[in-house]
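Please consult the sequence and structure below alongside the text.

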Amino acid sequence: MRDLQTRLGELKNKPTRNIIGLMSGTSADGITAAYTEITGTGETAEIDLIGYTTYPFDDAVRERVFNLFKPGLATVRDVCEMNVVLGEAFGDAANQLIKDLSLTDVDLIGSHGQTIWHQPDQGATLQIGEPAVISEKTGLPVIADFRKADMAVGGEGAPLTPYLDFVLHRDTSDCRVLQNIGGIANLTYLGLDVIAFDTGPGNMIIDAVVKRHNGDTHDIDGNLARKGTINQVLLDELLEHPFYRQKPPKTTGREVFGEHYAEQVTRRAKELGLSLEDLVATVTQLTVQTIIDSYENYLPAIDAVYVSGGGARNPVIVEGLRARLEVPVLDYSELGVSSEAKESVLMALLANEYVMGTPSNLPSATGADKKVVLGYATWV
């Protein structure tokens, strides 16, 4: 039997820990695995990203994942089975990265898992991708379930990314926004204070309406949105959603803006006689508008915006932000970390902090009552 506590003590005493971070986000495109070397902890942590790769889910697995997002369709049996299937997929991704990078000295793994339900008003969240399965497949200790401890002390369990942003990118010379646009869009404001919250849908509604109409996974290069015309009637109706008037800290997800919401939007667009291009243009503008409104309503003055996530590759979104903001809108990679790898690097950092016993939630971002160490450990 492996002695987990002894091993964690050994890792804590190492000057540098070699950690693989694993991440699958709300878009459920696949698993991004990143290999990092981390020295220190907390504000003094130094993170070297050595390499990363995204391993796409095969179509059958991705379809089963998306079925879990539908409460009326998914069963307890489905959740249990996919917990194992995704655990194997996460383990395979880690092993493939080890092979691809010819790694010989990996210490542990930090895994986010796949969120299938997040309901902060009930203190409830669920990420699957069984850590014990990942550990068995890789032979490594695994730290996972990073959201639950924050929720146990009154937080929303999200966003977690501001901790990485604070460690890597705080800068006393300017006030910057790190804007992630994944399925859900979220921001971190780094100035005199750290402010972080979800701004609303990022790519989620865009992806859903495109998939419903032509089967594509997303609006490639923003081509559909660029051909369409924004419908102000529909946009104004969408902007009435109460989430946008809710004051931070706040988070959201598929539970609010998932398939059922996309169905409502599509139905209303049909009533208004919109083409697919007009609908995509309108929901793309919704992402832009809600980000802008969040800055104007909830943030102090800003000096620059750095955009990451899939939305950073949608030129219509980026151009929309640049047209409305009077500050530079730059790609997150200009800060020295790949946009694609960012959240996987976060998982590695959170695993490092667990080993070191360092609290890694930011109550100003999550609304938690206090700082806590995030995660649970297993070693099979």
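Across which strands does helix α1 lie, and at about what angle does helix α1 run to β13? In this predicted model, helix α1 (residues 4–13) lies across β1 (16–23), β4 and β13, and its direction is at about 110° to that of β13.

**Sheet**

- An open sheet is built from six strands, ordered β3-β2-β1-β4-β7-β13, with mixed pairing.
- At the edges are β3 (46–56) and β13 (376–378), each of which pairs on one side only.
- On average, neighbouring strands of this sheet are turned by 20° against each other, direction ignored.
- Strands β4 (residues 108–111) and β7 (residues 142–144) run parallel and are joined by two bridges.
- Within this pair, Ile109 has Val142 of β7 as its bridge partner.

**Helix packing on the sheet**

- Helix α4 (residues 131–138) lies across β1, β4, β7 and β13.
- Relative to β7, helix α4 runs at about 160°.

**Nonpolar cores**

- The largest nonpolar core has 46 residues, of which Tyr295, Leu299, Val305 and Leu321 touch the most other members.
- Helix α12 (residues 276–298) supplies the largest share of this core, namely nine residues.
- Leaving aside residues up to four places away in sequence, Leu321 touches Ile181, Val288, Ile291, Ile292, Val307 and Val329.

Methods:
Residues numbered from 1 in each chain as written. Predicted model: local features only at pLDDT ≥ 70, side-chain atom pairs only at ≥ 80, totals over all residues. Heavy atoms only, no water. Pairing = 2+ DSSP bridges. Helix = DSSP H or I, 4+ residues; strand = E, 2+ residues; numbered from the N terminus. Axes fitted to C-alpha atoms, helices over the stretch in contact; angles between N-to-C directions. Contact = heavy atoms within 4.5 Å. Core = buried A, V, L, I, M, F, W, Y, C linked by side-chain atoms within 4.5 Å. Buried < 20%, exposed > 50% of the residue type's maximum accessible area, 1.4 Å probe, protein only.
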